[in-house]
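Here's a quick tour of the charged side chains in this one and who they pair up with. Have the viewer open as you read.

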Amino acid sequence: MTAKSTFDAKRPHPVVIAAFIIPAFVLFAVILLYPMAAALGFSLFEFKGGLNIVGFNWFQNFVVLFTQEPYVTQLPRAFAHNLAILVGTLILQNSIGLFLAVQLQRFGPLRRVFQVLYTTPYLVSPLVVGYLWTLLLSPTFGPVNAALRAVGLDALALPWLGDPKTALPVLILVSVWQWIGFPVLLYGAALAGQSPEIHEAASIDGASGWKRFVHITLPLLTPVIGTVSILTFIGAMESFTLPYAFGGATGSPAGATDVLSLLFFRESFHSGASNALGMSSAVATVLFLFILGGAVIARRLLGRYEENLT
Amino acid sequence: MTTMIEASTLPESRSLPTARAPRRRRRRFSPEAVAIQLVLWVYAAISIVPLLTMIGNSFRTHFEIASDPWPIPTNPTVENYVNAWVRADFATYALNSVLITVASVLLSAVVSIPAAYALARWRFRGRGGLESLFMSGLLIPFMLAILPMFYLMDFLGLIDNPLSLILIYAANGIPFTIFILTAFFRQLPGELEEAALIDGASHLAVFWRVMLPLVRPAIATVLIFRFVPIWNDFLMPLVMLRSRDNYTLGVGLTTFFGEYQTDWASLFAGLVIATVPLLVLFIIATRQIIDGLTAGIGK
Amino acid sequence: MNSIPQRRPVLRRRAVLGGLSLALGSAVILSGCQATPEPAGDPVTLTVWTWSNEAREALEDGVLEVFEEANPTIDVEVLVQPDKDYQTLLTTGLAGSGGPDIAAIRSYGVISSFAESGNLTPIDDIITDWAGFSDTALAGVTARGDGQIYAVPQGMQTAQVYYNKTIFDDLGLDVPTTWDEFLEVSEEIKASGVAPIVIPGAVAGQIALAGEVLGNARRGGPEFTQEFVAGDVDLTDDASVASIELMQEIQPYLVDNVTSVTLDEAVTIFATGMAAMYPSGTWQVSSFANLGADLDYGTFNVPVDSSWPSDEVTVAYGDGGWALSARTEHPDEAAVFLNWLASAEFAQLYANKMSTIPARDGVTIENEYVAEMYDRFLANPSTYLGLAYLRYGTPWGTDIYGEQVQKIWLGEQDAAGAADAIQTGIDAWFDPADFAN
């Protein structure tokens, strides 16, 4: 069309650009962005029962959140747990996911079988996954501890979800286990997209497998690793269903699995508090700003790395 | 470790240098390869534990499940399936689920893929800001946006209309789809695009015939990962829909959650009914990944 | 996209969002829904929402039939919305179109909050006869803000101790009549190798309920509650601390790994005879029956020590009510239905289908377990303080109670510290003056 005459690969005619972007933008802005912005706006109001607005109260909800009990203890505690989930899932999901994806590349038709198997946990809703693992890990009835005892590992037959020391690690492991199909498939897709010629050339040049992995495969995967990591970050900060299924709204035992989304849930309409909407929106806004900050920084670092690559 | 990369770069359909095939076959039986095989199989076993637990328990009674969760049915019963089928109108729900899920995933993909391509490959003013704006859509607890979304749909007159769910799910999928696909489009070498343009292809043709096929595996992955949560969701349908005729499978499953006690036996049967279509879809979709992959490389 | 039949016409559009009308005009046309007037003579459909699948099954199992036969011009349709998200769904349902005409709402804090939102109509004057209802039941459906009644009470819950008769008989034990006997009985059961007591120690709300069964009388029963609501004492009072200490005192007799025991698991543990006693709510009668275990059990109230400030009490609380949406289009039919829900006829049918304790008099309970618990409730009721007064703001008193008792069991807290933490938590919002109505 018009862009043809310029031969500029990076700059087609503005009409073409608009045609590519506007449908997505309109749908996104009207159906998602507008309600989201409205929801965040709630945090600046005081409510009296449900959606009944008393008045604009500036940042009063945030002041309460940052200065009053129980928030001053619960907010940092929940935040710390989110960070632990983030670090745990980031490391495990990326390393295990990458390992599995790379290994699967060498399989022929079997690769598909493995991809399906690794992704099955994702097909079941997290609520049910949480319940199933509660059953499996139960110290009274659960087969996991029964198996451990059967092979003489009595010391490892712990009350997994009943002990504050093990509850959060178990939560992290189950969450990684559930989501592992995502990095496996996405890394698989990225590896498949890498041009074989580069590797063949390197192979002819005599580069060893490990060297080729570190110097060729890994750098080419970086954008996708970055994408998976940012999504993991967002998932970790917003994780709700699995903590809820494991520890209920209070992050049992003794708040050991309390996370920001549970705090949000306890503040929401579920609480019966008059100003539920104002306070829960304030919690959500804090969460939003934090994730936004983190994601923007991560994106920028990634962008810089990609610029260096090309 | 040497085998790792070599094999990783070679999709099975590609014609290999003949010298390589025997070498690879030999290595498959090295101790290292056997160990890796073992790890993959063990991990696969751990992966399917819940699905097996679910299927096994769907043939057991409530009491058996509660007192001995190891899912070996001693006296298998299909009563749970009968129960589940009778109590929740799965035939209607399944039809609604298919309609809503397929329509919203497709709508989301149709609008997001071109946008992701434009953001990834073209330079124009406001690109960075636009990309950040799209990304911010990933960052909000969905639960919070429910209220304003409800009012929006109420205003549009779409309450109790499946179209409301299709619009919401489609919009909600845009940030995720764009975020992942921009990464993949960016990865593609610029030479392909330039060569095609010089040959006189339009930008649209370059996108459609050259670049799109190359990211098909990523698109398939995104579709699957968008499909599943929509398929399983029950909250949005409950907010937006009113009549039981419009309910989805996810809503049907909530029938088994009591106030104090959940009917796990029927729930597991219902879950099997609701999850089987997902599994079938997924297997078909992974074949798509492979086909897409070979097609892409064949260019 | 509109191929699925539409049962309810879409009614109102929100003026708030008027600014968007231009951009979205086409979508509105797409939706193509037109309000169709009801043809005269057709029955009016009342939509009822509830969080409870059990309630829907009970209502549809011959209860609503009785009403619909007597009122052929009114159809009642029951929709269940999942428990966990019920309050959120109801907030949208009551404030927008296509919502319920009548909705079940949880008692105390939740109903007060909904009353404040202006989306409910007070029903003091709509119900013609309140005489049959007990004060405890009406307290649960009265809004704290304006003192008006906003719902017809659905029923009551009580919480008592379930015990396994087979285990007690095998060991030659009698139901304890003093606190010391309670501990002795526990000791003997423990010596026999069975866990004496099970509590769902993984669930904060369930810990709080069990704690109330054990501690309500130790704290001083209804008198303490009265003083607490008047602002004369708070939860750090000696009697309150002593009631929390009881949770520590019974710790040796609890099932192993109590902090990992879920509600489902506790029911199974008790029903399979792995534990001999279980302090919990009346609803468990249905749970035990549904589980299908072979179980011979009875109930008793926690026995008191002569040094305690109160005699034996039966812990009780209002278990939600039927409220009237301010947006209903059929206020007259809804009033007819609500009056029926307030009748002894309905209470008789519903309480027996649900196996729960009725909120009003004139009901004969058929289930022997429930009947026994009902008699005790009539004799000496004492309101569940945590539920009735500590759930009007966040954090809930019951949530902190559960978390603090978990800490006690894990060896990280003592009773005085726990009482302090609970009081500090509720101080964020609790003010006795709010309950002055």
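A salt bridge here is a side-chain nitrogen of Lys or Arg within 4 Å of a carboxyl oxygen of Asp or Glu. Go by that rule and you get 18 salt bridges over all chains. Keep in mind that this is a predicted model.

**Inside chain B**
- R121(B) pairs with E193(B) in a salt bridge, with the closest N and O atoms 2.9 Å apart.
- That pair ties together distant parts of the chain: R121(B) sits in helix 7 (residues 90-121) of chain B and E193(B) in helix 11 (residues 190-198), 72 residues apart.
- R121(B) has a relative accessible area of 5%, so it counts as buried.
- E193(B) is buried too, at 3%, since the cut-off for buried is under 20% relative accessible area.

**Between chains B and C**
- R244(B) makes a salt bridge to E60(C), and here the closest N and O atoms are 3.4 Å apart.
- This one crosses between chains: R244(B) is in the loop between helix 14 (235-240) and helix 15 (249-254) of chain B, while E60(C) belongs to helix 2 (residues 53-70) of chain C.
- R244(B) is partly exposed at 26% relative accessibility, and E60(C) is partly exposed at 39%.

**Inside chain C**
- D361(C) and R360(C) form a salt bridge at 3.3 Å, N to O.
- D361(C) is partly exposed, with a relative accessible area of 42%, whereas R360(C) counts as buried at 12%.

**A network**
- Salt bridges also link R77(A), D258(A), R266(A) and E403(C) into a network.

How values were computed
Residues numbered from 1 in each chain as written. Chains lettered and ligands numbered in written order. Predicted model: local features only at pLDDT ≥ 70, side-chain atom pairs only at ≥ 80, totals over all residues. Heavy atoms only, no water. Helix = DSSP H or I, 4+ residues; strand = E, 2+ residues; numbered from the N terminus. Buried < 20%, exposed > 50% of the residue type's maximum accessible area, 1.4 Å probe, protein only.
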